[in-house]
Amino acid sequence: MINNFRKLIVLLVLTGLILNNFTYFSYALKDFSESEEPLVIQIGRASGFKNHIVEVPISFSNVPTCGLDHFEFKLKYELEDIEIIGIEPGDIVMNPEKDLGASLNYDESSILFVFTDESAVGKRNIKNDGVFATIIIRVKNESEKFSLIELLNQRPLFSNYDYTMMPFVFKSGGVNLNESGTDEVNKGEISAPVIDLFTVELEDISARKGETIEIPIYLKDLPDHGIDGLSFGLNYDPSKLDILSISDEGLVSIFYYYIFEGSIGFNFLSLNDKITKDGILAFVTVRVKEDASVGSTQIIGTRNSTVIYPSPKNNYNLNIGKIYINPILGDLNDDGVINSTDYILLRRYILGINNDIPLENKVDVADINGDGKIDSTDCVLLRKYILEITNL
Ligand SMILES: [Ca+2]
Ligand SMILES: [Ca+2]
């Protein structure tokens with residue numbers, strides 16, 4: 001009897017839950033149908049000449065009465081025309097520091113916005129029409145063009161608290177690149193960048209073929225409040241260089257990297273303490289291949305993505321250097337080995353018999369004792385080396 005009574009209670013509770021959920025769901029649907037027009041996301045327009053700082057607001061209208069609990073959308077912009085340097089949260093976002101995030105992806109030249117009501121009980125749902133966020137932009141180019149900012153169609157979603165998807169419409173905007181602004185809000189102004197950029201830098205370096213060198217990656221001009229992480233990539237020519245190892249200098253608590261056919265990807269995170277002091281972030285140990293051609297080889301930097309809100313100052317320049325590949329000392333004909341042919345070339349060169357050293361900068365290969373002159377002393381030293389009497 002008691003058991004049956006318990007079963008009845010369980011059944012009643014379950015029925016209650018199901019009915020309750022069902023009612024809740026219907027309510028959401030009712031709410032949804034009440035809003036006749038879909039949510040409209042209007043990307044604003046601005047005008048500016050080169051180096052002007054302009055503002056493009058993203059405004060919401062027809063916000064559903066049930067409110068927006070979480071949403072995400074990605075906008076595409078023209079990387080060669082404009083530079084996105086910051087985000088200002090709009091009035092309709094109650095606690096932007098907690099609920100709003102924005103990041104830039106340089107590979108696809110997009111900006112991603114994510115809003116999640118972190119109260120988790122719907123307290124900060126967006127219920128009003130108005131400006132959601134303003135994009136702060138520096139005009140990079142001058143042309144007759146209107147540089148478009150529009151939805152990048154990768155599954156944007158707008159949801160209410162009950163996971164009901166809201167219908168929406170995006171209206172694109174952008175920046176007119178050859179006009180000074182007319183209306184007050186979007187008038188372009190020449191001003192210093194809003195964000196202090198810090199610098200990630202690799203200096204130019206020179207190395208001989210076959211030589212192994214350590215290239216430092218510097219952090220420069222870090223902001224006083226520090227940075228908590230960054231990610232970037234380096235592309236190099238794998239026919240000329242081998243990456244042997246990468247070591248961090250202990251500035252960061254989490255350090256990831258990968259090396260894959262001509263590119264290195266870095267990811268740094270500082271979990272507890274931010275990095276506040278300039279210094280060497282890491283060393284890349286590179287071996288210049290013996291058969292690499294003489295000349296400079298560039299290391300090209302790529303920035304994959306950067307969070308620009310809520311930590312907008314994690315934005316940086318990436319100054320990437322070159323490696324000048326010098327020939328091997330004593331290898332006058334640049335064939336990768338030092339032998340009697342090189343000696344003969346040097347001897348004939350000194351005697352003025354011929355000028356067959358094929359390299360532009362002869363001092364690089366022929367000045368064996370490094371005194372800046374090519375003379376009989378170098379000849380003697382090279383001969384001793386070939387006879388295995390001395391090292392170079
Ligand atoms: Ca040679
Ligand atoms: Ca010399």
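## Close-ups of a predicted model

**View 1. Ile111 and its contacts.** Leaving out residues up to four places away in sequence, Ile111 touches Lys74, Leu75, Tyr77, Ile84, Ala102 and Leu104. Touching here means that the C-beta atoms, placed from the backbone, lie within 7 Å. This is a predicted model, where local features need pLDDT of at least 70, side-chain atom pairs count only at pLDDT 80 or more, and totals for chains, interfaces and linings use all residues. Residues are numbered from 1 along each chain as its sequence is written, while chains are lettered from A and ligands numbered from 1 in the order in which they are written.

**View 2. The largest nonpolar core.** There are 39 residues in this one, and Val56, Ile84, Ala102, Ile111, Ile137 and Val175 touch the most other members. A nonpolar core joins buried Ala, Val, Leu, Ile, Met, Phe, Trp, Tyr and Cys residues through C-beta atoms within 7 Å; buried means 20 or more other C-beta atoms within 10 Å of a residue's own, with C-beta atoms placed from the backbone. Domain 1 (39-190) and domain 2 (198-326) both contribute residues, so this core lies between them; the domain bounds come from an automatic or database assignment.

View 3. Strands are DSSP runs (E, at least two residues), numbered from the N terminus, and two of them pair if DSSP finds at least two bridges between them. S3 pairs with S1 in the antiparallel sense over four bridges, and Ile41 stands opposite Phe60 in S3. S3 and S8 are also antiparallel, over eight bridges, with Ser59 opposite Val131 in S8.

Technical notes. A residue is buried if 20 or more other C-beta atoms lie within 10 Å of its own, exposed if 12 or fewer, and partly exposed in between; C-beta atoms are placed from the backbone. Two residues are in contact if their C-beta atoms, placed from the backbone, lie within 7 Å.
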